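Here's a quick briefing to read alongside the model. Have the sequence open as you go.

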Amino acid sequence: MRTRPTKDQLAAAYGKTIDDVIAPDLDVLFCGINPGLYSGALGLHFARPGNRFWPALHRGGFTPRQLDPSEQDELIGYGLGITNVVARTTARADELSPDEFREGGRLLTAKVAEYRPRWLAVVGITAFRTAFGLPKAKVGPQDAEIGGARVWVLPNPSGLNAHWTPATLGEEFGRLRAEVHSE
C-alpha cells in the first residue's frame, strides 16, 4: 500500500517531472495534462486518490484488473504507456500557460513520431484543444493524426470533472479499446 505524501513532500514536488511509461510501438500512449503534486511526490502517474484513470482503464477493458498507480510499469506488457502534454508538476492544471501547452504539444508530437504508438489518447479535452490549436475538438476520435498516430481524446479522469461518472468514463475508454482492437 502506498503511503500518502506529507505536506513537505507535496511542496517539494512542485515543478518536478515524472518518467514516462513508454516503449516503441505501443497500441495506445495515454497522455495526461500534467502531473499533479501528489503524483510528483510519489513519482507515479494519476496517483492521487480520487483520480479515476486507473478504474476507467480497467472498466474500459484495457487491463484485466484495476491496477494501482504503483503498478504503472505493467502497462507496457498490455501495449500501453503514459506521458503528459506538459511534464512539470503543478497543484492545478490552470497554473499552466497556453504557451506551455503549445510547447508541450510540439514535444508530444516529436515523442509520438519517435515511439510510434498506434494511438495517442489525450486525457483532457481542454489541454488537447490548446496544445494543438483545435478549439472545436470534441471527446472521441479525431480526424487528424499526431506524429503518425491516430488520436482519441478522452475526458479528464480527475475527480474534479463531475460531468463524467466512473461508468461513463469507463464507457468512453471502452469505445477507444474497441477501436484499437478492431484494427
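What follows covers the overall fold and a few charge pairs.

This is a predicted model, where local features need pLDDT of at least 70, side-chain atom pairs count only at pLDDT 80 or more, and totals for chains, interfaces and linings use all residues. Residues are numbered from 1 along each chain as its sequence is written, and side-chain values use heavy atoms, with hydrogens and water left out.

**Overall fold**
- The protein has six helices and five strands (DSSP runs, H or I of at least four residues for helices and E of at least two for strands, numbered from the N terminus).
- From the N terminus, the order is α-β-α-α-β-α-β-α-β-β-α.
- The C-alpha trace spans about 45 × 40 × 35 Å along its principal axes.
- Of the 183 residues, 45% are buried (under 20% relative accessible area; exposed is over 50% and partly exposed in between, with a 1.4 Å probe and protein chains only).

**Salt bridges**
- There are 11 of them in the structure (a side-chain nitrogen of Lys or Arg within 4 Å of a carboxyl oxygen of Asp or Glu).
- Lys111 pairs with Asp20, with the closest N and O atoms 2.6 Å apart. Lys111 sits in helix H4 (residues 98-115) and Asp20 in the loop between helix H1 (7-12) and strand S1 (28-32), so the pair ties together parts 91 residues apart in sequence.
- Glu172 and Arg175 also pair up, at 2.9 Å between the closest N and O atoms; both lie in helix H6 (residues 166-182), three residues apart. Glu172 is buried at 6% relative accessibility, whereas Arg175 is partly exposed at 42%.
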